[in-house]
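Hi everyone, thanks for coming. Let me put the structure up, and then we can walk through it together.

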Amino acid sequence: AKADSTTLRGAHIYPATYVQSGVIYEKWAEEISAESDGEIKVNIVHGGALLGVKDHVDGIASGLVDTVSFYPIYFPGEFRVEGALTNITDVWSAETASLQSIGAIHAQLHSEFEVFQQEYAKRNMRMLVPLPVDPYVVACAEPVKDLADLKGRKMRSFGRYFPILQEHMGVEPISVPSSEAYGALSSGLIDCIYTTPSFIYSNKFHEVAPYVFIPGTEQARPQALCTAVIAMNSNSYDKLSDAHKKIVDDVSERMIVVAGEMMTTVYNDSLAQLEEATGNKIVHMTEADFADWRSNTPNLLDQAAEDLEKEGYPGAEIITRYKELVANYTN
Amino acid sequence: MDPEILQILLIVLAIGAALLVASVPVGVVLAVASTIGFYLVTGSFGAATSLLQSTSFDVTSSLPYLVIPMFILMGLIASSTGIVKDLFDAAYKLVGRVSGGVAIATCLASAGFGAVTGSSMSATAAMGKIALPELRRYKYDLKLSAGAIAASGTFAMIIPPSLVLVFYGIVAQESIGKLLVAGLVPGGITVVVYSLQMYVRARIRPELAPRGPAFPMREVVVANVRAAPFLLVLATLIGGLLAGIWTPTEASAGGVAVVLLIGVLKKSVTLRGVLEAGKDTMVTTAAVFLLVIGSILFGKFLAFSGVTQAVVDVIISADLPPLVFFACLIVFYIVLGTFLEAISIIALTVPLMLPITQQLGWDPIWFGIVLVKLIEIGAMTPPVGLNLYTLKGVAPDVPIKTIVTGCVPFWLCDIALLFLLYAIPEIVLILPRLVS
Amino acid sequence: MSNRISSIIDAVCSGLCRAGGLVLLASMIMICVDILFRNLGSPLIGILEIVSVMFCAACFMSFGETHRVGRDIRVDIIRGHLRGRPKRIVDAFSAALLCGLFALIGFYAAIKGIDAYRDGEFLGGRLLIPSAIPWLAMALGGFVVVLAAARTTILNLLHFIRPAD
Ligand code: NA
Ligand code: NA
């Protein structure tokens, strides 16, 4: 072994094939290893075998693992700001940032607002790479040609803000544990799901919900912030030599761009795969429907700002800055 | 594999074995052994103990596990309403003359529960509460009865609905629809083989399953009409599932409501009785869940140690002929199944195994079914079989030795079946091919 | 150990478990209401969020009683043959381990619960259920197991030193 060699332990709650938090995480690990001439190695246990949805914060906070692909979307009550913004799709602004920019915006907000870092610091965590998810779409058991078709259908829902967005599509939000979603679609307990094309394809939901409906006129709009991030235990980071810290930081920064590109590809590829596997054409929302939907739905970004203010966070300031950053990136 | 880690692993296994023999509760054994393991690897007490409370929270707040107490409660209330007794009266009068008849009926009822739930432990718990007292009433051998219940509980994984097959589909990127139908024929064959096995044993040694007298046709018919309520409960649960009225988790709560309703109509339940049943259920549930928590922690430690990966590497690099490789897989998975629950096994091994099985030309759907059967076998293999201990949890007066030895004949049947599936993969693949 | 303390432990274990049974029955009813309303076309959001917290609490309210009535699942091959002092020491040892395990679980859960209460943290979902509820329920349940298991350990050790039988 070399004089300055380190092995970092990592964990991932989903199978290794999940691009957002698995493939990109492995790529990040590989690049760090390559950049350090093999001095840093990252061993990742995938598939929830080591850490699962409910315990991956405890695992990284305690230093049982050194790195993790962490999902703030599942901890809205502990990672308040991120947790809120990852559960919102901005359909109200005239334009939204592309997947490539979402990661950069996420990182920028982190660096500008202390509250983001404090929430991580409280759990001994350091945010390294925001990982955007491909945009949420609708998949149903029966064909959907427009918004009117969705009326009264039962759609799987979760979180604080999604149900509101879904209700204004005209559907009835239903909670079903994700492990039972496939069965619920096949038995007709629910009619539709609202999730990402890559999640639909990798969980085989298209076998029971083969009609994909995009809630947008072209591409579906992405989540306001990244649902997952690559994070590191702060002590593990501090223990690295200065040279190694620089490698981790540099690779992480580069990965923000790479992740955006990969997820854009994943979105397009997954839709193509879904079209091929089901033989059904993907249907987009009409301009008129989209206009109706966004004008009927209360602006959840403003709602989140208000909710955060009530909880003692600078919600208004963050959301204003968020909108500014989005405007910068779309121009 | 790092020799230091291997050393730690051996220490952990030795401590686990010692504690197990010292009669420490199995869940505690697994939790303590894995915590020591985490400590030896990380050198940090905080890191080693960090998962104790989160895993406990994860298990006890996870809705799919709610099926276990609901089914226990349903079994308790159903027994107190008399509908279970009616069911077994009918079975006795109908097939009591057949060697092993009532045990075979139990096996079929388990398959019925398997069509409602994907959790072997919940099916075992329900049948332990429902069928064991009845089999004892008809003086069936305790080993035979316990074996039949613990082994038949495993049908739940292979007969749809099955969370395990769904999870395999996601990890292996195979059609979940095909996997679910692929389980039907092997599941059905297992039911038949188990039944035949019990029939033959009871023929050879009639004292295992005392045969009943012949009953007049009229009495048989009357008894079967009286058994209708219980069959109606099962039919309601399965029907509600297929019709999209409830999910498997909800169905278990629906089942409790249905048997309560029957009890109220028959005026055979009292409020006091229901409250007592609630408490009784929680005592058993807590015992079983401590086991699940320990098992999950231990699985996390094995994943952490990297031992599974190392063993898989050894098996793969040995470049064995297919049949020998298959035999190695059987041993490997049964050993894993001994400690771990199904989801951890799949998450840990399938990504490593799939490429090699595909090189051998094995169909991934076939492999999924074989894997689930192996996991089922693991669940009834000592030292740590989740089904064995679940039955022990609901029937504390039955010695674990009786349950384990009772499972042996079923265990052997399953191994034989595996080789049958190996020789004739079409048994698994015929339905999925018809579907597509 | 005074009989007074001992009978208090008995009452707490048994009472909590009885309450746990009630919570289980209540969650059964809530799930049925959820099923009913969904099938009538007006689904209720969040019932399952409440049920999962109730379920967690019910389990932790029952671990103590399970130990008290001797229903822990264990390999009984050797213990079944033991009598007198060897049995006492084996039982004292396993109860001590159980006690230690739940002391850790309860301690960490209490810390998390107090933290969550102080910071107003909540669980994911629509209802924003305070995370302090399940954590403090776990802490309470863990504490009761510690009491019951400690008693088992102490009584067995006392009998080991001064066998009464
Ligand atoms: Na099943
Ligand atoms: Na086993």
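Let's start with one pair: K54(A) makes a salt bridge with D58(B), and their closest N and O atoms are 4.0 Å apart. By salt bridge I mean a side-chain nitrogen of Lys or Arg within 4 Å of a carboxyl oxygen of Asp or Glu.

A word on conventions. This is a predicted model, where local features need pLDDT of at least 70 and side-chain atom pairs count only at pLDDT 80 or more, while totals for chains, interfaces and linings use all residues. Residues are numbered from 1 along each chain as its sequence is written, chains are lettered from A and ligands numbered from 1 in the order in which they are written, and side-chain values use heavy atoms, with hydrogens and water left out.

Back to chain A and chain B. The interface of these chains has 2 salt bridges by that rule. There are also 14 residue pairs in polar contact, both at pLDDT 80 or more. A polar contact is a pair of N or O atoms within 3.5 Å; within protein, one must be able to donate a hydrogen and the other to accept it, and residues adjacent in sequence count only if both atoms are side-chain atoms. On the chain A side that touches chain B, there are 12 nonpolar, 12 polar and 7 charged residues. Here Ala, Val, Leu, Ile, Met, Phe, Trp, Tyr, Cys and Pro are nonpolar, Asp, Glu, Lys and Arg are charged, and the others, Gly among them, are polar.

How many residues does each chain bring to this contact? Chain A brings 31 residues and chain B brings 43, with contact meaning heavy atoms within 4.5 Å. Together they bury about 2,700 Å², 61% of it on carbon and sulfur atoms. Buried area is the accessible area (1.4 Å probe) that two parts lose on being put together, summed over both. In chain A, K54(A), L64(A) and E180(A) lose the most area to chain B, together 21% of what that side buries.

Now for chain B against chain C. This contact takes 64 residues from chain B and 54 from chain C. The area buried here is about 4,900 Å², and carbon and sulfur atoms give 77% of that. Q53(B), K279(B) and M282(B) supply 14% of the area that chain B buries against chain C, more than any other three residues. K279(B) also forms a salt bridge with E65(C), where the closest N and O atoms are 3.0 Å apart. The count of salt bridges between chain B and chain C is 4, and 16 residue pairs are in polar contact, both at pLDDT 80 or more.

Last stop, the sodium ions. Which residues coordinate the sodium ion (ligand 1)? They are G114(B), T117(B), A156(B), I159(B) and P161(B), each through O, at 2.2 to 2.4 Å. Buried means under 20% relative accessible area, exposed over 50%, and partly exposed in between (1.4 Å probe, protein chains only).

The sodium ion (ligand 2) is coordinated by G378(B), T381(B) and V384(B), each through O, at 1.9 to 2.7 Å. T381(B) is buried at 10% relative accessibility, and V384(B) is buried at 2%.

Definitions and conventions: Donors are N, O and S atoms within 2.8 Å of the metal (3.2 Å for Na, K and Ca); water is not among the atoms, so sites may look incomplete.
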